[in-house]
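Please examine the sequence and the structure shown below. The paragraphs that follow move from the whole chain to a single residue.

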Amino acid sequence: MSDERHLVVDRIKCDGRGLCAEILPELIRLDDWGYPILKPGPIPEHLRPLAERAIDDCPVLAIAMRRAEKRS
Amino acid sequence: MRLLDGRDLLAPLPTVGRRFIDDLERSGLAGRGGASFPTATKWRAVAERSRGDAVILVNGAEGEPHSKKDRTLMIARPHLVLDGAFIAARVLRARRIVLYIGERHAAARDSMLGALAHRSEPERGIVSLAAAPPRYVAGAETAAVHFVDEGLATPTTTPPYPFQRAILVQNVETLAHVAALARSGEAPDSVLLTMAGGVTRPGVIEVELGTTVGEAMARGGGPVEAPRAVLVGGYFGRWMQADEAWRLPLTREAGIGCGVMGVLPASRCPVCEVAAIMRYLAAESSAQCGPCFFGLRALAEACAKPAELGRLKRWAAEVRGRGACKHPDGAAIFLSSAIEVFAREFEHHDAIHQVRRVA
Ligand SMILES: Cc1cc2nc3c(=O)[nH]c(=O)nc-3n(C[C@H](O)[C@H](O)[C@H](O)COP(=O)(O)O)c2cc1C
Ligand code: SF4
Ligand code: SF4
């Protein structure tokens, strides 16, 4: 298996201040209420460092990176 | 094997083991709580994680406003539902069964407790009761688990999914089919429906899989007046033109959802109807996730304003998959199908009402 990762947002934690979209506009845009909409698909290699920054800088730690999710 | 018209007998449970999951898989049984998830898949996932400590959460919350089938089943066949729960407990090696029944569904609760009182001491010993609050989202599986854990019937973030904690959340009708399968060996071939809206005899019926919506309607005495459309599967279901719906066979793939078939008479304004349901769904958001709380509210408001049709479509697409639970997804599917089926009425809503006022 490859090391593909996706961004995930904990929708309950996220309070929609939109810092993540400022840091990583390539993958995150905001809806009309300021909550993040993620671009589907894996994080391209060259955006990894910015993704990590978005994760670290989220004031409520609502955003994370995950391996493609499997159910059961 | 039929659920509603069978006699609700107390008989020794059939011997079942892990292999019963194969029978379940062959039967093709899918959940009847709304999501139609394959039952065997869920059982396997829980069985893998159970160390003799699984929990069976019997979902009888029935928060869907027009649905009555779970209540009716618990009143008519409490032993059958309990059998399903005890079979699940044996196969999945559970130490605990929780009956999660709508707080306001007293007759269903009393029926289940009455039946429970006749079961053996060891069976009774592992069962407890939880009263589901009368809110739409209280029946969502993580909300049910949250309520049992902490007394709060609000959904929680996944993962962890309940199955990852060896908790099986299963609808009462699904469990009744499980029991029927274990007893007879025959694959469950029926489904419970609640006929609602403009139908002559609203209420619960049981039909064979493959029955068309039209045939089911006939058993409810037919529509009270010319039907405009049918909402197949309740508030998380989808709208269909009446003639198209009439021909729809209710198979596992048909999107039966929670089994509510709502008939909209031609004399009612579909846009006003849809807007009212959207307002309800918005108010029932647990207000934990921004896209659901703000999004559904905005959608409900924009619904009745044709000028906002473009935004309506965009928002409906955007809220999907952006809540901790599937509440926004259900509302978005409902609304998107409405915009398609009632395209003309959405387009000309103001004009339609002006004409009506003048006429
Ligand atoms: C907002 C929401 C409300 C729900 N309400 C109910 C309910 O009242 N009863 C129910 O059985 N399932 C309900 N469900 C579905 C459950 O999450 C779950 O899928 C179901 O109980 C699993 O049982 P099943 O596989 O036997 O259908 C709801 C889901 C959502 C997202
Ligand atoms: S930075 Fe964090 S809290 Fe702010 S919008 Fe992004 S995920 Fe949500
Ligand atoms: S998606 Fe809506 S209903 Fe579900 S947990 Fe979030 S706010 Fe509550």
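Two residues are said to be in contact when heavy atoms of theirs lie within 4.5 Å. This term will be needed below. The model is a predicted one. In chain A, the mean pLDDT is 92, and 92% of the residues reach 70 or more. Within chain A, confidence is lowest in strand β4 (residues 63–67), with a mean of 94, and highest in strand β3 (residues 36–38), with 98.

Consider next the overall form of chain B. It contains 16 helices and 9 strands. Because a compact globule of 359 residues would have a radius of gyration near 21 Å, the value of 21 Å for chain B agrees with that expectation. Along the principal axes, the C-alpha atoms of chain B fill a box of roughly 70 × 45 × 35 Å. Of the 359 residues in chain B, 55% are buried. Among the contacts in chain B with a separation of 6 or more, 72% join residues 24 or more positions apart.

The accessible surface of chain B is about 14700 Å², and carbon and sulfur atoms account for 52% of it. Chain B carries 44 positive and 38 negative side chains, and the centres of these two sets are 2 Å apart.

Finally, one residue deserves attention. B:Glu273 is located in helix α11 (residues 270–283) of chain B. Because its relative accessibility is 23%, B:Glu273 counts as partly exposed. Apart from neighbours within four places in sequence, B:Glu273 is in contact with B:Leu264 and B:Arg268. From B:Leu82, B:Glu273 is separated by 191 residues in sequence and by 38 Å in space, C-alpha to C-alpha.

Methods:
Residues are numbered from 1 along each chain as its sequence is written. Chains are lettered from A and ligands numbered from 1 in the order in which they are written. This is a predicted model: local features need pLDDT of at least 70, side-chain atom pairs count only at pLDDT 80 or more; totals for chains, interfaces and linings use all residues. Side-chain values use heavy atoms; hydrogens and water are left out. Helices (H or I, at least four residues) and strands (E, at least two) are DSSP runs, numbered from the N terminus. The radius of gyration is taken over C-alpha atoms; the globule rule is 2.2 Å times the number of residues to the power 0.38. Buried means under 20% relative accessible area, exposed over 50%, partly exposed in between (1.4 Å probe, protein chains only). Accessible areas come from the Shrake-Rupley method with a 1.4 Å probe; for residues, only the protein chains shown count as cover. Lys and Arg count as positive and Asp and Glu as negative; His and the chain ends are not counted. The place of a charge is taken as NZ of Lys, CZ of Arg, CG of Asp or CD of Glu. pLDDT is the predictor's confidence in each residue, from 0 to 100.
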